[in-house]
Amino acid sequence: MDHAEPTVEPDPVASLLAVLDLNGSDARTSEDIFTGTSQSMPLGRVYGGQVLAQSIVAAERTIPEGRIVHSMHGYFLRPGDSAKGITFAVDRIHDGRSFSTRRTQAFQDGVPIFSMIASFQDDDPGLEHQEPMPDDVPGPDELPDVESHLHGLHPMSKRLFTDRPVDVRHIPSPIYASVQGERIPRQAVWMRVRRPLPDAAGIHRAALAYLSDLTIQESILRAHGIAWATPGLKVASLDHAMWWHRSGRADEWMLYVQESPSARGGRGLATGRVYSADGVLLASVAQEIMVRVPDGH
């Protein structure tokens, strides 16, 4: 009988919290410097939502008390190496009476891999309305979990889904191995971090940024019947924009409603709205991707 110690699976949520806990640096130029690590990724590339969330955390560390992020616009410049550390340089562009603006650049090996400008605001009163949440979608408990859709995938491919800190449930169904149903440029996804996070509101804002880069590309692929497992498929995020409208918890179910208004010239645009389970519009997202499909599609 084998009495070897059992393998202890890493806690992906603890890993998420660890990468969001950036270190300050004594190194100073005209910018604030922070350093961070990456989650281990099976294919060795930094997940875009991770560096996006870390950039928000870095910028927020330099903001006056009480101001919270309401928008960001960023570009993914180079693929990152998840085995290497990341340096974040924050430029304090502007501090006004109600708003603060920051530029964050993420570096590896001395070159930027991501560049972002974000705006922060005091909590001010004003006009309020929101687009209502769709009322014709099944709830998360009515849908199968992600593991139910992974039969037949290579073990390395399965790790991309089972080792992540996020629970995701697709409407109508995932497009990992095949695209089921009608080819339309829209879908919805229930998502949440797999277990409770600390109550700090900044953690939930950063975690929502982390989640916002997950699955938004799929409305483009679904419209053309292209599954992630399609041989020769190449997809890369080019840019990402996000607007935080209201506070919410990333460890509770949220509905991510996604659609693609256009694809052309090897690029596709996807937009999304994130709602809490009780219908509060938390955020809006837009992303353009490079998408190259093999001949015959």
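1. About 710 Å³ of space lies in the second largest pocket of this protein, and the model in which that pocket is found is a predicted one. Of the 29 residues lining the second largest pocket, those closest to its centre are Ile68, Asp123, Trp244, His245 and Arg246. Four elements, namely β3 (68–76), α4, β9 (234–244) and β12 (281–292), each give two or more residues to this lining. Helix α4 contributes the most to it, with four residues, and the lining as a whole divides into twelve nonpolar, nine polar and eight charged residues.

2. The protein has five helices and twelve strands, and 47% of its 297 residues count as buried.

3. Helix α1, which covers residues 12–20, has Pro12, Val13, Leu16, Val19 and Leu20 as buried residues. Viewed down the axis of α1, these buried residues fall within an arc of 125°, and they therefore line one face of the helix. The cover over the buried residues of α1 includes α2 (48–60), β8 (186–193) and α4 (201–212). At the start of α1, a side-chain oxygen of Asp11 comes to within 2.9 Å of the backbone nitrogen of Val13.

4. Strand β9, one of the elements named for the pocket lining, also holds His240. Is His240 buried or exposed? His240 counts as buried because its relative accessible area is 1%, which falls under the 20% cut-off for that class. The side chain of His240 makes two polar contacts to be noted here: one of 3.0 Å with the side chain of Ser212, and one of 2.8 Å with the side chain of Gln287. Not counting residues up to four places away in sequence, His240 touches Leu52, Met72, His73, Gly74, Phe76, Ser212, Asp213, Val285, Ala286 and Gln287.

5. Gln287, the partner of His240 in the polar contact of 2.8 Å, lies in strand β12. With a relative accessible area of 1%, Gln287 is buried. When neighbours within four places in sequence are left aside, the residues in contact with Gln287 are Asp213, Ile216, Gln217, Ser237, Asp239, His240, Gly268, Leu269 and Ala270.

6. Ile171 is found in strand β7, which spans residues 166–171. Because its relative accessibility is 14%, Ile171 counts as buried. The C-alpha atoms of Ile171 and Trp190 are separated by 8.0 Å, although the two residues are 19 residues apart along the chain. Trp190 is also one of the contacts of Ile171, which, leaving aside neighbours within four places in sequence, are Val137, Pro138, Leu143, Gln187, Ala188, Trp190 and Leu255.

Methods
Residues numbered from 1 in each chain as written. Predicted model: local features only at pLDDT ≥ 70, side-chain atom pairs only at ≥ 80, totals over all residues. Heavy atoms only, no water. Buried < 20%, exposed > 50% of the residue type's maximum accessible area, 1.4 Å probe, protein only. Arc of directions from axis to C-beta. Contact = heavy atoms within 4.5 Å. Polar contact = N/O pair within 3.5 Å; in protein donor to acceptor, adjacent residues only side chain to side chain. 1 Å grid on protein atoms, 1.4 Å probe; cavity = no way out; pocket = protein on both sides within 12 Å on 5 of 7 lines; lining within 4 Å. Points joined across faces, edges and corners; volume = space filled by probe spheres on them. Nonpolar A, V, L, I, M, F, W, Y, C, P; charged D, E, K, R; others polar.
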